[in-house]
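Please open the structure in the viewer and keep the selection tool at hand.

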Amino acid sequence: MFSLIMACFFCMQAPLAAQQATPVRIGVDGLTHDHINGLLRDYGKRSDIVIVGIAEKNRALVERLSKRFGFDPAIVYDDLETMIEKTQPQGVVAFNSIFEHLHTVEVCAPRGVAVMVEKPLAVSYEHASKMAELARRHHTLLLTNYETSWYPTNHAARELAVTSPAIGDMRKVIVCDGHKGPREIGCSEEFLAWLTDPVLNGGGAIIDFGCYGANLMTWLMHNEEPQSVTAVLQTLKPDVYPKVDDQATVILAYPHCQAILQGSWNWPVDRKDMEIYGAKGYVKALNARNLLFRPTREEPEESPAVPPLPEAEREPFGYFAGLIRGNITIEPTDLASLENNLIVVKILDAARLSAKEGRTVVMGK
């Protein structure tokens, strides 16, 4: 059953354009987010994008990263405005604090420059709304990047649970994300300085990892907002994270199903997994590669091989370039979409309010 369903799913996916155009000119806003390392490892090796400029005022950080990854410090400018004026990027990827995402869009959108920020979209729905208004007014792309958007297992799980519901109507979803903690795994001091700040990050584990589950559940629900949000936030390591939560559990209630989102800086192992239970069976995306599928109680659990995503949708920067070129399109219900991620931030706002006031927050009120 799995092979037939997935064969139909992947044969419908749009292929990558046969020929790549001139590399898309990409600017970088900030180097303090450690996820920048993934992009800089490929510096000078890609044919689809070229980094033409970086905005970062921390010169010690610039020197350290330029030595490590081999980019010329001459392409680095103290501010985003100057970088855009001097280098004319077509798109900007933001690797700054979540609070600074609004400024990135305020600078880029009026200049017609597309933006992709690291998850989540914004520190608050107030910020997110301003960003959305700017992007829409100036007709510019505004995307949010999550690591889990590029997991073929998540796409296979959605196909089995939603598009071709082999497990029956969806009833419960459990999403677990996180690790031992950002300090425990060795994040840089520049990253920790804002990641553990309640203003610059908007919170702790609830923002850092609660957003993954909110993004995935909104995707599974085709952008339907939950009826209510109930959250418990705790700080189990106050000596390490005195200003923010390090443990978050959020319950989203929908008319016919429920989601439990667990984001934590206290897991003994790294986690980015999702379980979807239907009326008849279940599917579990254990990580980017491994899937468990049981269509009914009477049938055995399978561990099928999951085919890769289409080439244009396997990683964020090629995807961003494809959208800028017009080779691919984005739907409002897609994981990176502005529409999905406005709902994500709304859920995170409700979760913080629920935890603060010790009550269930009814959405839309």
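A salt bridge is a side-chain nitrogen of Lys or Arg within 4 Å of a carboxyl oxygen of Asp or Glu. The model on display is predicted, and the structure holds 16 salt bridges.

**First stop: Arg 46 and Asp 48**

Select Asp 48 together with Arg 46. Their side chains meet in a salt bridge, with 2.7 Å from N to O. Is Asp 48 buried or exposed? Asp 48 has a relative accessible area of 13%, and because buried means under 20%, the residue counts as buried. Arg 46 has a relative accessible area of 22% and is partly exposed.

**Second stop: Glu 315**

Which parts of the chain does the pair link? Arg 46 lies in the loop between α2 (36-40) and β2 (49-55), whereas Glu 315 lies in the loop between β13 (291-294) and α11 (316-325). The pair thus links distant parts of the chain, 269 residues apart. Glu 315 is partly exposed, at 25% relative accessibility.

Asp 42, Arg 46, Asp 48 and Glu 315 are linked in a network of salt bridges.

Asp 78 is exposed, with a relative accessible area of 51%, while Arg 59, at 39% relative accessibility, is partly exposed.

Next, select residues 152-163, which make up helix α7, and residues 210-220, which make up helix α10. The axes of the two helices come within 11 Å and cross at roughly 40°, which makes α7 oblique to α10. The crossing is right-handed.

Which residues of α7 meet α10? Display the side chains of Asn 154, His 155, Arg 158 and Val 162 in α7; they meet Leu 216, Trp 219 and Leu 220 in α10. By class, this contact of α7 with α10 has four nonpolar, two polar and one charged residues.

Conventions:
Residues numbered from 1 in each chain as written. Predicted model: local features only at pLDDT ≥ 70, side-chain atom pairs only at ≥ 80, totals over all residues. Heavy atoms only, no water. Axes fitted to C-alpha atoms, helices over the stretch in contact; angles between N-to-C directions. Helix = DSSP H or I, 4+ residues; strand = E, 2+ residues; numbered from the N terminus. Parallel < 35°, antiparallel > 145°, perpendicular 65-115°, else oblique. Left-handed = near helix turned anticlockwise from the far one by under 90°. Contact = heavy atoms within 4.5 Å. Nonpolar A, V, L, I, M, F, W, Y, C, P; charged D, E, K, R; others polar. Buried < 20%, exposed > 50% of the residue type's maximum accessible area, 1.4 Å probe, protein only.
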